[in-house]
Amino acid sequence: MSGAIILALRLILAVALYGFLGWALLVLWRDIRRQGISLANRRVPSINLTVRHGRGSPIVKNFSQPEITLGRDPGSDIPLIDDTVSTRHAQLTYHHNQWWLEDLSSTNGTTLNQTAVTMPTVLTAGDEIQCGDTRLIVNLSTNTLVSPTQKLEKKR
Amino acid sequence: MHDKKQSLLLRWAALFLFVQSTILTLSPAVRERTWNVDYRLSHWVGFLAWAVLIIIAHRATVKYLPERDPYLLPAAAMLSGWGMLTIWRLDEAFGIRQTMWLGISIIIFILALSNQQKIITFLRRYKYVLLSSGLLITALTLIFGTNPLGIGPRLWLGCCGIYFQPSEPLKLLLVIYLSAYLADRINIHLSSLPLLIPTLVVTGLALLLLLVQRDLGTASIFICIFTIAIFLYTGKRRVLLIAALFLSTALVIGYFSIDIINIRVEGWLDPWADPSGKSYQIVQSLLAVANGGIIGRGIGIGSPLLVPVAISDFIFAAIAEETGLVGTIGLLALIWLILSRGLIASLRAADAFRRYLAAGIVTYLGIQSLLIIGGNLRLFPLTGVTLPFVSYGGSSLLTSFIALFLLLTISNVEDEEPAPLQNPKPYTLLAGMLALGLVAIALTSAWWAIVRAPDMLNRTDNPRRSIADRYVPRGKLLDRNNQPINVTEGESGTYERVYLYPDLASITGYTQPVYGQAGLEATLDDYLRGLQGNPSSLIWWDHLLYGTPPPGLDVRLSLSLTLQSKADQLLGGHAGAIILMNAETGEILTMASHPTYDPNKLSEEGEALAQNTSAPLVNRATQGLYPIGTAMQPLIQAKFGQAKPTDAELKAYYQKLGLFQAPVLNMPVAFDIGTDSTQNLKVSPLQMSLAAALLSHDGIVPAPRIATAVNTPEQGWVVLPAEKMPVEVIQAEAANEAALSFIAKGKSYWNHVGQASADDKIFTWLLAGTLPDWKGAPLVLVVTLEENNIFLANYIGDTIFDAALNQ
């Protein structure tokens, strides 16, 4: 009799041990899922770039992806037909709730508001980017500073 | 969110430990199979202390580390509670101490939490001061060192009953030093060797100190920590290769020059060579794991105390025995949870120092766990280190909790961007190596607990069998009229074998914890122990519930105690043997062998008995071999008449009579292996009596029997048949004729006295048997005396035969 009771307790003991582990795994899995969903939900605030080559007429381009590349490469997000621009010249990336400009070791360099870009630099509205003979004016939409993830977290 | 996850996991841990404590409380009832026992209650103090301390620690982490990793504290709490309860179960005095150490560790843990930022900066700045004071304190053990157990390496500093092992925190100090040193040089891309010289010098110094101390487990952990740190810094795999080569060379050199390494390596390579000496610990540890099986024997129901130092070095074996493979895999998963979350904290760390520190701590915890568990399972040579969080030991527990504090602090990053990482491969590889190690350990556990368990548990040096004998009644040995011969007396927990008819000792044998088993107690062990004759479902169920076989079954022997006592009286102080057998059925009615001994006094006299030159432990009736001499005369006459047989004919006849082979009987028997000639042939009294039986039963040699029936729970008494068929050797008429020509004067039976000599010693044989016209059961008697005494042989023969026939 005592043996049977203890056997039941021994089974409960195993359940508790694996309950702990199972619960830990479940929570870990939920973390991963939540992280994935929150990343998927994170919308990049749109950015407007006014591209002007030399004295040509300006073209306005609108982007909503987190990475924008500039260069002579036709596959670039902003293909530039300009001999003073390198194949992969510069890129704009969105992280830490901000747009960053980075020069990709281009031959003629990139400037931001007439200052050479040597390290990733934060962009603000109205900034002027110069790649070779091409000028780009940055125009950010108004809700840039509050990202959806932050909104979500505040609601919780 | 983090707080909720952490508190939920802690509740699971509390449930686990609560159930564990409950099982431990009730376990004496299962052991003794009655509710009327002393229940174990003292460990509840430990459980309550654990609960209070962990609640406080949980609150402190909520307050000081809002963004910490929520898995680390629950996993560490579970491991430390599990270890503490295991120590309470093994030894209450150490349980109290471990509980106190847990209290001290958690208080220091909380104090550290309230000053976390300062501590991290302090550690980084004063790395050299810290490590050198650590080394200095360790060096003090060379002069003031003691060992709390009184023997073994003196690695502790102590006073007034409190001992501290400086080499435990030294590991952590080395990790801190290496992390700080390497983090300061992270951006200097010089050739790496000159850069590493200071670390080499410091680590070398520490190693030297540990080698002088003979603390080889810690020394190998140092090498591993150093290697992994350099590997994480440089990202070059050849570092691992060089370290592996270095370690194996050191192992080979140590094997030939340092005693303790030699012992450990030999115990690892071939533990079966010296299971009671050099590899006693490891064999006992493996036996414990094997006894645990898949679900374990239950907390408090196994026998983990048989493993030496079960509270610290071999705590894994103790856990494996009582919680089984289910428990050990859970334990390994908990260790993996700490290691993997630690590595994630390392990768998320805000700067290089924290990153190296977290990875170093993971290495230290991981390698130490792998080394000691692998040592317990014979995966690696044994190293005397502790299992972090689990093993007994204040210094070990405190160091583990400081490591936990550092990991938790490092994991506490608020949405900061982690420090850049140039090469992620070393971290992936480290995680892979640790995971692989844990998987290898899980598979090794399964190997010993499932595949090898049956062999292991049947080993004669498995003390669990004799422990089970104290709790489960062993079957009785009864004579043919159900008179008890050997019985078990006492109550569950104190069962003891009692030998009611000690003169039969050399035949029925003994069962004893130190000297093992002999005689019928050994050959009938499976019945007497309940492993044979019981339904297999009952055996399985009892093993599952109690870890013991079911109650043993009684075995009835063919012996008759009335005739037996007569034979023992007659033989008295003379060396020799008597066998009285039913010539038709082969049942042995009497078997005496003198000199004999008293198995009730075996524990006091066992050693002297084994040394005794008159060999009282030998059963002369079945194992004593004596020259034939003229004893065979009636048998030769029955076959060949007055003609003299050739040697070949005689040999063929002896062959048929079974004199060249062992009789088939379920007790130890002997036969003359050394010769195949008829001249120097020696036979046992049993062989002789089987041959002589043909004169009293129509020329047929019977198959001998001594155990005739077993009392099973389902079918009552079940007959144990003879294991061989009777053989007709000569014609019935010839046998009868020969018997009649040897009629004893004035008696109703035949007899013959023969003599033989070997090694200047004269032996006397007496053969006797019933006549062909005897209406009762045909009997045959053989008396062998190790002296020249025809008178005594005749007297014994007449007295026993008269008694047997008039019964």
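**Questions on the model**

Biologist: In what order do the elements of chain A run from the N terminus on?
Modeller: A word on the source: this is a predicted model, where local features need pLDDT of at least 70, side-chain atom pairs count only at pLDDT 80 or more, and totals for chains, interfaces and linings use all residues. Residues are numbered from 1 along each chain as its sequence is written, with chains lettered from A and ligands numbered from 1 in the order in which they are written. Helices (H or I, at least four residues) and strands (E, at least two) are DSSP runs, numbered from the N terminus. Chain A runs α-β-β-β-β-β-β-β-β-β-β-β-α.

Biologist: Which strands stand at the edges of the open sheet in chain A?
Modeller: Six strands of chain A form this sheet, in the order β2-β1-β11-β10-β7-β8, with antiparallel pairing (two strands pair if DSSP finds at least two bridges between them). Each edge strand has a single partner, so one side of each is left without a neighbour in the sheet. They are β2 (59-63) and β8 (115-116) of chain A.

Biologist: How many nonpolar residues has the side of chain A that touches chain B?
Modeller: Contact means C-beta atoms, placed from the backbone, within 7 Å. On that basis 21 residues of chain A are in contact with 30 residues of chain B. Ala, Val, Leu, Ile, Met, Phe, Trp, Tyr, Cys and Pro count as nonpolar, Asp, Glu, Lys and Arg as charged, and the others, Gly among them, as polar. The chain A side has four polar residues, one charged and 16 nonpolar.

Biologist: Are α2(B) and α3(B) roughly parallel or roughly antiparallel?
Modeller: The axes of α2 (residues 43-64) and α3 (residues 72-90) of chain B come within 10 Å and cross at roughly 165°. Axes are lines fitted to C-alpha atoms, for helices over the stretch in contact, and angles run from 0 to 180 degrees between N-to-C directions. Angles under 35 degrees count as roughly parallel, over 145 as roughly antiparallel, 65 to 115 as roughly perpendicular and the rest as oblique. The two helices, α2(B) and α3(B), are therefore roughly antiparallel.

Biologist: Is B:L136 buried or exposed?
Modeller: B:L136 lies in helix α6 (residues 127-144) of chain B. A residue is buried if 20 or more other C-beta atoms, placed from the backbone, lie within 10 Å of its own, exposed if 12 or fewer, and partly exposed in between. With 11 C-beta neighbours inside 10 Å, B:L136 counts as exposed.

Notes: Contact = placed C-beta atoms within 7 Å.
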